[in-house]
Every structure is written in structure tokens, then in C-alpha cells.
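Work through these exercises with the model open beside you. Try each task before reading its solution.

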Amino acid sequence: MLRTALRNVLAHKARLLMTVLAVMLGVAFVSGTFVFTDTLGQAFRKQSAKNYDDVAVAITTYAVQSDDGGDDTGVDRPTLDKIRAVDGVASAVGRVSGFAGVADQDGKLIGNGWTNTGANFAPGKDGKDSQYRFTDGSGPVEDGQIALDKDSADTGKYKVGDRVRVATNGPVKEYTLSGVFTTDDGAVSAGGSLVLFNTPVAQKLYLSPGHFKDVNVVAEDGASDEKLLAAIKPLLPEGADARTGQAVADEQAREIEQGMSNFNSMLLAFAAIALFVGVFLIANTFTMLVAQRTKEVALMRAVGASRRQITRSVLAEAALVGLVAATVGFALGVGLAVALRSGMSAFGLKVPGGPLVITATPVVSSLAVGVLITMLAAWLPGRRAAKIPPVAAMGSMHAVPTVKSLVVRNSVGAAVTALGAVLILLGASQGSDGRMVIGGGAFLALIGVIVLIPLLSRPLIAVLRAPMAGLFGVSGKLAGQNAVRNPRRTGATASALAIGLTLVTGLSVLGATVGQAIDKSTTDNLKADYVVMMAAQGMALDESVVPALQKASGVQAVSADQSTNLKAGGDDWQSVAGVTPGDIEQLLNVRAVSGSLGSLADGKLAVEQKTAEQNGWKPGQTIDVQFNDDEKGTLTVGAVYADNDFLPGLMLSTAVVKPHETMSPYIPQVYVKMDGGPTKANERALVDALGDNPAIRVMDQQDVRDEQGGMINMMLNIMYGLLAMALLIAVLGVVNTLAMSVFERQQEIGMLRAIGLDRGRVKRMVRLEAVVISVFGAVIGIGLGAFLGWAIGQTIKDSVPNYALVIPWDRVGLFLVLAALVGMLAAMWPARSAARLNMLSAIKAE
């Protein structure tokens with residue numbers, strides 16, 4: 001039987017090619033994921049460990065910039081001197097860091113914004129800082145000097161001696177470039193930039209003079225890290241965290257491991273989808289191969305082969321195919337990992353150097369997945385073949401499923417689909433707590449629909465048969481009949497496409513719905529012509545930005561959206577927006593429900609309607625409050641305003657908020673209204689007023705909408721890219737089905753040619769059959785995907801303002817067109833083969 005299995009594999013190499021490709025692609029995704037994440041993880045772990053190779057004790061504080069130089073500003077110079085004096089300490093280096101954006105020659109920001117970093121150059125007695133290796137020039141030792149990482153210097157086309165414009169969260173300043181260096185700093189590896197300042201300058205920019213945020217301690221030879229840690233801890237200010245360098249490196253390694261594990265799981269989930277789709281292709285292939293060998297199987301049964309031997313023969317054949325596919329897939333996966341690593345630079349990400357890591361996990365996983373998936377998919381066809389009685393098999397090339405088996409299949413499919421639908425509806429009714437229930441229901445519904453697809457194929461494809469016959473004549477009529485001739489095969493082929501399009505459509509519905517909600521939120525709530533914010537999202541603007549904008553030509557109204565906290569009428573801190581009275585009404589669509597927003601100018605409190613109702617507050621009511629500096633007082637409610645997505649629950653004048661800030665105010669954005677609205681000239685006036693700062697973005701309303709929508713579209717495109725593997729395997733399934741169908745119908749095609757059906761119409765018949773199957777699968781997938789998109793949307797609608805379900809009909813139409821195009825492309829080879837059949841040879845074929 002083993003020899004028989006090997007003979008069958010060698011005899012049907014071409015027919016098994018699609019199966020090999022499907023398994024190979026899925027295995028490549030699996031092995032590539034493991035090799036890529038293992039390589040990336042080891043590279044980052046080595047980089048992290050290298051940063052702490054010589055560090056005995058690492059001290060970290062949660063220091064913040066403070067104007068009064070209080071105790072919350074990290075480790076001061078006297079404390080650092082005490083640490084250096086501890087017995088066994090060879091050196092102790094203080095570090096400070098924060099945001100620093102570098103402009104290129106055209107004034108554009110170098111780097112991605114969120115990892116653009118500034119730090120201090122801390123030379124030792126030899127004048128060098130061990131953390132940086134200079135390739136040109138030297139470190140900054142004067143206040144007007146900086147050093148740049150090599151990648152940023154190359155991008156900006158800077159050389160030593162050039163003047164470089166650098167922005168922190170304040171005005172842009174020019175510095176002289178004193179040196180260019182290389183580093184293992186994570187900010188640079190993540191695609192950002194690193195600027196080194198003289199230590200006093202860095203302290204003034206990011207903390208306060210004479211203070212450090214972090215300290216790295218190097219031990220003398222023979223000194224114990226643990227003993228140094230015990231001696232240093234009592235010297236540190238309250239809130240400082242001190243650990244051995246090894247402990248910090250180990251923690252970072254664990255964090256990297258966790259991050260790689262999450263990334264690994266996400267990629268493997270898409271690999272699992274691709275392999276799941278591949279199961280249908282493999283099962284289809286072996287079903288057709290076994291059906292074509294029915295007489296052969298019957299003869300083997302007649303000469304003494306048992307049912308188990310027949311099944312094992314098919315499984316052995318599948319194992320051989322799976323082994324070949326897994327081996328090739330593993331090699332392809334290694335190449336994919338290398339390509340992904342190289343391609344990360346296209347996204348501005350720099351991967352630390354290191355060897356390609358190939359462990360036993362991807363090797364074993366590739367072989368196991370490839371062989372087991374193929375054998376699992378081939379088991380049912382093999383079992384069916386073994387159950388056919390020898391006499392019946394000898395008399396019929398194709399066994400027809402019994403009525404009982406079809407009834408059982410359809411009953412099970414209907415029950416599973418109904419259970420899945422009920423779970424989806426139940427999960428949708430539970431809000432955010434129902435997502436897991438929806439996930440389980442979606443899986444059951446998908447399985448149920450796949451089981452029912454052969455039953456659904458006849459009525460759905462019948463809808464297309466009439467127009468096809470009208471448009472394409474005999475070719476269209478025959479194509480419609482051929483598509484439902486073998487419902488199980490059609491169903492298995494369409495299922496592969498349905499799975500991919502279910503996921504794609506569900507993502508598209510969610511993306512379109514959330515995108516429209518965000519767009520509507522901007523349109524309904526924002527009246528300002530421009531929103532000014534830092535290029536690095538989440539970073540605060542300097543308070544000097546507001547007066548600078550107010551002086552710009554053509555400005556009608558300006559208000560900061562200063563974010564702070566306040567205890568009002570209870571023990572919980574609540575978010576407060578510090579705004580400019582009088583201007584805020586021109587910048588945001590703020591409507592007073594009761595009271596007057598003009599009362600903000602009198603120091604009164606404005607309360608969002610929902611917050612007011614929850615607390616029972618009304619205009620004129622006095623509320624006990626506690627400010628950020630712990631000072632207590634009272635505020636009078638001056639207005640209750642309708643909910644606005646751009647504002648929190650409370651609003652105060654910045655004049656009231658400012659005296660109680662304990663540090664620099666947190667201003668994430670500033671709103672501006674201009675004479676003449678958003679124009680190039682007005683935008684230029686604002687940019688000039690801000691000193692042409694590369695770290696600050698000036699966005700009009702369309703930019704704000706594009707920013708939010710762009711993030712959603714980027715995520716959707718990534719998902720589409722990952723799902724493309726599953727769709728590619730589905731296309732291979734269509735090719736495989738048509739090729740097998742043409743082979744089985746050689747006599748029929750020969751007869752059609754003999755009675756006058758020319759080659760062109762034969763090609764058209766096969767192509768139309770492919771289009772029908774593809775569009776049928778697409779319709780099933782789009783319908784189920786839209787249903788799942790609606791259900792998941794119900795779980796997030798409470799957290800998405802202006803949520804309303806959107807079906808992206810343009811994308812749905814595009815999916816249908818692409819499905820038809822997929823069918824046309826998949827049919828090219830089978831249609832050509834059918835048209836080139838010799839009529840006489842085809843008629844004589846068995």
C-alpha cells in the first residue's frame with residue numbers, strides 16, 4: 001500500500017501541485033513568523049543587555065520638570081556625589097532626556113516624532129561618554145553645541161560645524177554640530193533621532209539645573225552589585241527606584257519576550273486562517289483524485305485490501321505531499337523572515353544587527369503543520385473511498401452521496417449556523433462584555449455556513465443562470481449548469497473565498513463605521529480653522545505657543561485646550577479643560593444648555609450636561625473643589641453645556657487653572673480661527689509665528705479628519721495584507737477545481753466541440769464557471785462579514801461618539817468585482833487546456 005501511495009503521488013504530480021502550493025504558503029507563514037520574531041527578539045535582547053553590560057546599579061526616578069526645583073525633580077548633584085563616594089563605585093553617570101526634534105535642510109522634521117529624543121552628553125575623565133561612539137567630531141561641551149546620531153545627520157545632510165535647528169517643546173533654537181555618533185539607543189533603532197546637549201543645557205530643557213532623572217553606577221573590579229545597591233538605596237530621594245543592572249536587563253528581556261510573543265501570536269493567527277482555507281483546497285483535491293481512482297480502489301478491495309489499508313494509503317499519499325510542501329515551505333519561510341527584516345527599514349525602523357536565529361521550534365512546527373494539516377484534510381476523502389463497496393465502485397466512476405448523508409449534513413449545518421447566529425446576537429446585546437461570545441458564535445456560524453454551502457449553491461447560482469444564458473448564450477447556460485453539477489466541490493471551493501471575504505468585509509464595515517464616526521465628530525464639534533499640536537502625539541506644547549499665535553496676522557480667536565485635573569464635589573479627580581473665555585465658543589461647537597458660557601470670564605465653572613446630571617449640579621450652585629496643588633476652594637457653576645467630543649466634563653478659564661499648576665501646563669493642542677478661513681497664506685502666518693518649528697504641526701479640519709482616518713486605513717491595509725495569503729490560497733483552490741473539472745469532463749468537452757462549440761466558447765464556458773463559483777463565495781463571505789461587523793460594532797458603540805453602522809457599498813462592490821476577476825484569472829489555464837483538447841482523443845477518454 002505504501003508503494004501504491006508513492007506511485008499515486010508520482011503519477012499525479014501536476015494535480016497535486018496546487019495542494020503543495022497551498023500547504024507551502026501556509027507553512028512559510030508559520031516558519032517565517034517564528035524565525036522573524038526569534039531573530040528580532042534576540043537582536044533586541046542583546047542590544048538591551050549591551051546597554052547594561054557595565055552597569056552595576058541603575059537608578060530611575062519619575063522626575064518631572066519643575067520651576068521651583070522641588071524634591072520631585074530627580075537626583076540632585078549632592079546626591080550624585082554621595083553615590084560616587086560609596087565604597088566600590090568606580091563611576092556614576094547622571095542622565096536626563098526628553099523630546100528633541102531636528103529639522104532637515106528644508107525645515108522638515110527628521111524621524112517619526114514619537115521617538116525623537118534629546119539627552120545629555122556625560123563625558124568621563126577621558127572626555128568620552130561610553131554610551132556613544134563618535135565617527136566624526138566630538139561631544140558637545142559648550143552650551144551652543146549639539147551632537148547628532150549618524151542616521152539623522154545623514155538624513156539631514158549635516159556635517160560637523162553646520163548650524164542645526166532643534167525644537168524641544170519650546171521655541172526653535174540653532175546649535176552648532178560638534179560631532180556625529182553611533183549608538184544602540186532604542187529611540188534611534190525605532191526610527192527616531194537622538195540629539196546630545198551639554199549636560200547643563202539638557203537639565204534646563206528637561207528637568208531643572210543640577211538635577212538628573214536617571215543614574216547609572218559602574219562598580220570597581222570585585223565589588224558586589226547587590227552590596228552597592230544596598231549602600232546606595234538609603235541615599236536616594238523618595239520615589240526613586242534602584243535595581244542592579246542585571247535585574248533591569250532581565251526585565252527588559254522579559255518585556256521584549258512578551259512583545260515578541262504578542263506579535264508572534266497575531267501573525268500565527270493569520271497563518272492559521274491561511275491553513276484553514278488550505279484545508280478546503282486539499283480536501284477538494286483528494287476527493288477528486290480518489291473519485292477518479294474509484295475503479296482502482298474497487299479492484300484493490302476485490303483482491304483483498306481492507307478499508308483501513310485504503311484509508312492508510314490515501315493518508316500516506318497525503319503525508320508525502322505534506323512533507324514535500326512543509327520542507328519547501330520552511331525554506332521559503334526563512335527567506336520571508338530575511339526579507340521582512342530587511343524591509344523594516346522601509347518603515348523607518350532600524351533592527352539591531354545579529355545573526356538569523358533558527359531554532360527547533362520553526363523546524364518542528366513546519367513539518368508538523370504541513371504533514372498533519374494535509375493528512376487531516378485527506379482523511380475524510382480516504383474514509384469515503386474505503387467505504388465504497390467493490391462491486392458498486394466497479395460499476396460507477398463517481399459515487400453519488402446518499403439522501404441520508406445529505407440530510408444529515410444539511411441538518412447539522414443548519415443547527416450549527418443557528419447556534420452561531422444566536423451567540424452572535426447574544427454577544428452583540430451584551431455590549432463590550434460580549435466580544436468573546438461573538439468570537440465563539442462567529443466560528444460556529446462560519447463552520448455551519450461552510451457545511452451548508454453545497455445546499456445554498458443551487459438556489460443562489462440559479463439566480464445567475466438566466467442572465468448568463470441571456471448574455472453569453474450556450475456558454476453561459478453550460479457554465480451555470482456545471483457550477484452546480486457537483487455541489488460539494490463547488491461548496492468547498494467557494495468556502496475558501498468565503499472565509500477570506502468574511503474577515504475582509506467585517507474589517508471594512510468596522511473601519512468605515514468608526515471612520516465616519518470620527519469624521520462626524522470633527523465636523524459637528526470643531527469650528528476652528530486650525531488645530532496646532534506637537535508632531536509627537538501626546539506631547540505638550542509650550543505655553544509660549546498661545547501668545548505667539550495670538551500675535552499672528554489674521555487671527556480672530558485662539559484658545560489652548562489645557563488639560564488638568566480637579567476634585568469637584570467628591571473624592572474623585574475629574575478632567576478639566578483650561579480655555580480662553582469668549583474665544584472657545586468661536587473655536588468649538590459649545591452650546592449652553594443653561595446658564596451662560598460668558599461666566600467663564602468671571603472665573604465660574606462650566607459643566608458638561610452628562611456630568612451635571614450625574615452630580616445634580618445647576619447654574620448658580622457652589623461646589624467645593626481641590627486643585628492640582630492641593631489647595632481647596634469653591635467654584636460656582638456658571639453654565640451647563642451640551643456634550644462635545646473635544647471637551648471633558650468640566651471647563652474653566654486658564655486664568656483660574658494656571659496659579660494651581662505645580663509644573664509646566666499640559667497643553668496637547670491649541671485651536672485657532674482665522675480671517676478668511678483655512679488658506680495657504682493663513683497657514684504660513686501661523687507657521688511663521690511659531691518660528692517655523694519642525695516639531696509643531698498646524699492642521700486644518702481636513703488634516704484632522706485625515707489623521708484619524710489615516711490611522712484606521714493603515715490598520716485595515718495591514719490586515720488586508722496579512723489576509724492576502726488566505727485569499728491567494730483560495731484562488732489556487734479555484735484553479736485546482738477547474739483543472740480537475742476539465743479533466744473529468746474530457747468526453748463531454750470533446751462532444752461539445754464535435755457538435756459545433758468552438759474553442760472560444762469552450763474557454764468562455766470554463767471562465768464563466770469560475771466567475772460563478774467565485775462570486776457565489778464572495779456573496780456568502782460579504783453577507784456573513786457584514787453581519788459580524790455589525791455585531792462587533794455593537795460592542796464598541798458606547799465608546800465611539802456618533803456611532804452609526806456604515807456598510808461601505810463601494811468596497812463591497814469592489815470585492816464582488818475582484819471576486820469575478822479572480823475567477824477569470826484562475827480560469828485562464830484550465831480554460832486554455834479545455835479549448836486545446838483534441839476532439840477525437842477526448843471522446844475516447846474514460
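**Exercise 1: A nonpolar patch**

Ile358 sits in the loop that links H10 and H11. This is a predicted model, in which local features need pLDDT of at least 70 and side-chain atom pairs count only at pLDDT 80 or more, while totals for chains, interfaces and linings use all residues. Residues are numbered from 1 along each chain as its sequence is written, and side-chain values use heavy atoms, with hydrogens and water left out. Helices (H or I, at least four residues) and strands (E, at least two) are DSSP runs, numbered from the N terminus.

Solution. 
- Step 1. Learn the classes: buried means under 20% relative accessible area, exposed over 50%, and partly exposed in between (1.4 Å probe, protein chains only).
- Step 2. Ile358 has 42% relative accessibility, so it counts as partly exposed.
- Step 3. H11 gives the most, with three residues.
- Step 4. Now look at Val324, in helix H10. Its relative accessibility is 48%, so Val324 counts as partly exposed.

**Exercise 2: The buried side of a helix**

Task: which residues of helix H3 (residues 77–84) are buried, and what do they pack against?

Solution. 
- Step 1. The buried residues are Thr79, Leu80 and Ile83.
- Step 2. They lie on the same side of H3, because they cover an arc of only 100° around the axis. The arc is that of the directions from the helix axis to the C-beta atoms.
- Step 3. Contact means heavy atoms within 4.5 Å. The buried residues of H3 pack against several elements, including strand S1 (57–60), strand S3 (89–95) and helix H7 (225–232).

**Exercise 3: A strand with two neighbours**

Task: which way do the residues of strand S20 (residues 605–608) point, and how does S20 pair with S22 and S23?

Solution. 
- Step 1. In a regular strand the side chains alternate between the two faces of the sheet.
- Step 2. In S20, Leu605 and Val607 point one way, Ala606 and Glu608 the other, and all are buried.
- Step 3. Two strands pair if DSSP finds at least two bridges between them.
- Step 4. S20 runs parallel to strand S22 (residues 632–641), with four bridges. Val607 has Val640 as its bridge partner in S22.
- Step 5. S20 and strand S23 (residues 650–653) run antiparallel, joined by two bridges. Here Ala606 stands opposite Met651.

**Exercise 4: Salt bridges**

Task: how many salt bridges does the structure hold, and how far apart in sequence are Asp519 and Arg705?

Solution. 
- Step 1. A salt bridge is a side-chain nitrogen of Lys or Arg within 4 Å of a carboxyl oxygen of Asp or Glu.
- Step 2. The structure holds 12 salt bridges.
- Step 3. Arg84 and Asp81 form one of them, at 3.7 Å from N to O. The two are three residues apart in helix H3, so about one helical turn separates them.
- Step 4. Asp154 and Lys150 form another, at 3.0 Å from N to O. Both lie in helix H4 (residues 150–156), four residues apart, about one turn of the helix.
- Step 5. Asp519 and Arg705 also form a salt bridge, with their closest N and O atoms 3.0 Å apart. Asp519 lies in helix H16 (residues 487–525) and Arg705 in helix H22 (residues 701–744), so the pair ties together parts that are 186 residues apart in sequence.
- Step 6. Asp519 is partly exposed at 32% relative accessibility. Arg705 is buried, with a relative accessible area of 19%.
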